[in-house]
Amino acid sequence: MRVLLIGANGYLGRFVADRLLADPAVQLTALGRGDDADVRFDLASGSPGALTRFLDAVHPGVVINCAGATRGGARELTRHNTVAVATVCEALRRSGCGARLVQIGCGAEYGPSQPGSSTAEDAVPRPGGPYGVSKLAATELVLGSGLDAVVLRVFSPAGPGTPAGSPLGRLAEALRRAMQANDGELKLGGLGVQRDFIDVRDVARAVHAASLSAAQGVINIGSGRAVRLRDAAAVLARVAGYNGSLHELDGPPGPSMRSAIGHPRPEPDHAAPVAYPYPDGCGSWQQADVRTARDRLGWRPRINLEESLADIWMEAACRI
């Protein structure tokens, strides 16, 4: 099976590439903006015609799109998350390869949900920020393209390679600094939110399964269990061997708040604001209903959050 992987150097793309390379039946070609891609191509600025010519030459059976941006202003997010997907869809429509498209979406497309609820694929999306809006627009483009396509809405990925700027990455960095300074108290803010964390290696397994399946539409990829960020912080402290105390700063942001996640105990004149709500625009709670992934992909998560956090800590501890 010839597979074209777009965004192989990204956080999720690296693990998807590893998973596919482990399958002897897969012939993988990586397309991206980096020098180490098999083919250099910028989806945000490249033309559908140019991509079509490449598709006709390689003739993949599956195209997997892991590319995109998670940060930046609305214009940048729209370019990399929406315009780029429009280019992929148009190129596939023009091409004679007939490839199946596996698009990586995100849980932020749904926006805030009711605490205690599980969000299923038929929920009406109401994204709470520009990132979720840009990804939802991409999903709608894929669903309306007429292609053989599936969108995997990945909730909160965790595990090795977690970006240092993510909430779990900032927690790990805060712990590393506290332990390095022999600080017996770590003050953190914004720990009240609850998210559905899913290991990146389980996400890669889901992408592999989706590429082999005939499933179409939207499929949630998550653990099916919301975890409070303060509980994740406690587990992270335990796996790190941190014997100090975690002091949580609650309340709305303001000058009295002395620290945020990943900014342990700054001086008052360098205070970092605590992010309320969680920066993905999904409010205080998010939990995936993952029954569709089980029924249509034969997929279940295998890696628990403690293992994911241990891998995050291992990388943070090695950081100089």
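These questions and answers go through a helix, a strand and a cavity of a predicted model.

Student: How many residues does helix α4 have, and what does it reach from its first C-alpha to its last?
Tutor: Helix α4 covers residues 130–143, which makes 14 residues. At 1.5 Å a residue, 20 Å is expected. The helix comes close to that, with a reach of 20 Å.

Student: Which residues of α4 are buried, and what covers them?
Tutor: The buried residues of α4 are G132, S134, K135, L136, A138, T139 and V142. Their cover includes one helix, α3 (74–94). It also includes the strands β5 (100–106), β6 (149–154) and β11 (217–221).

Student: Why is β5 largely enclosed by the rest of the structure?
Tutor: R100, V102, I104 and C106 point one way, and all are buried. L101, Q103 and G105 point the other way, and these are buried too. Strand β5 is largely enclosed because the buried residues number 7 of 7.

Student: In which sense do β4 and β5 pair, and which residue stands opposite Q103?
Tutor: Strand β4 spans residues 62–65. Its pairing with β5 runs over 4 bridges, in the parallel sense. Opposite Q103 of β5 stands N65.

Student: How many cavities of 30 Å³ or more are there, and what volume has the largest cavity?
Tutor: The count at 30 Å³ or more comes to 1 cavity. For the largest cavity, the volume is about 50 Å³.

Student: Which element gives the largest share of the lining of the largest cavity?
Tutor: The lining consists of T162, A164, G169, A172, I312, E315, A316 and R319. Two elements give two or more residues to it: α5 (167–180) and α9 (305–317). The largest share is 3 residues, and it comes from α9.

Student: How do the residues of that lining divide into nonpolar, polar and charged?
Tutor: The lining residues include A164, A172, I312 and A316, along with E315 and R319. T162 and G169 are also among them. The division is 4 nonpolar, 2 polar and 2 charged.

Student: Is G169 buried or exposed?
Tutor: G169 sits in helix α5 and lines the largest cavity. Buried means under 20% relative accessible area. G169 has 6%, so this residue is buried.

Student: Which residues does G169 touch, leaving out those up to four places away in sequence?
Tutor: G46 lies 123 residues from G169 along the chain, and their C-alpha atoms are 33 Å apart. With residues up to four places away left out, G169 touches T162, P163 and A164.

Technical notes. Residues numbered from 1 in each chain as written. Predicted model: local features only at pLDDT ≥ 70, side-chain atom pairs only at ≥ 80, totals over all residues. Heavy atoms only, no water. Expected span 1.5 Å × (residues − 1). Buried < 20%, exposed > 50% of the residue type's maximum accessible area, 1.4 Å probe, protein only. Contact = heavy atoms within 4.5 Å. 1 Å grid on protein atoms, 1.4 Å probe; cavity = no way out; pocket = protein on both sides within 12 Å on 5 of 7 lines; lining within 4 Å. Points joined across faces, edges and corners; volume = space filled by probe spheres on them. Nonpolar A, V, L, I, M, F, W, Y, C, P; charged D, E, K, R; others polar. Pairing = 2+ DSSP bridges.
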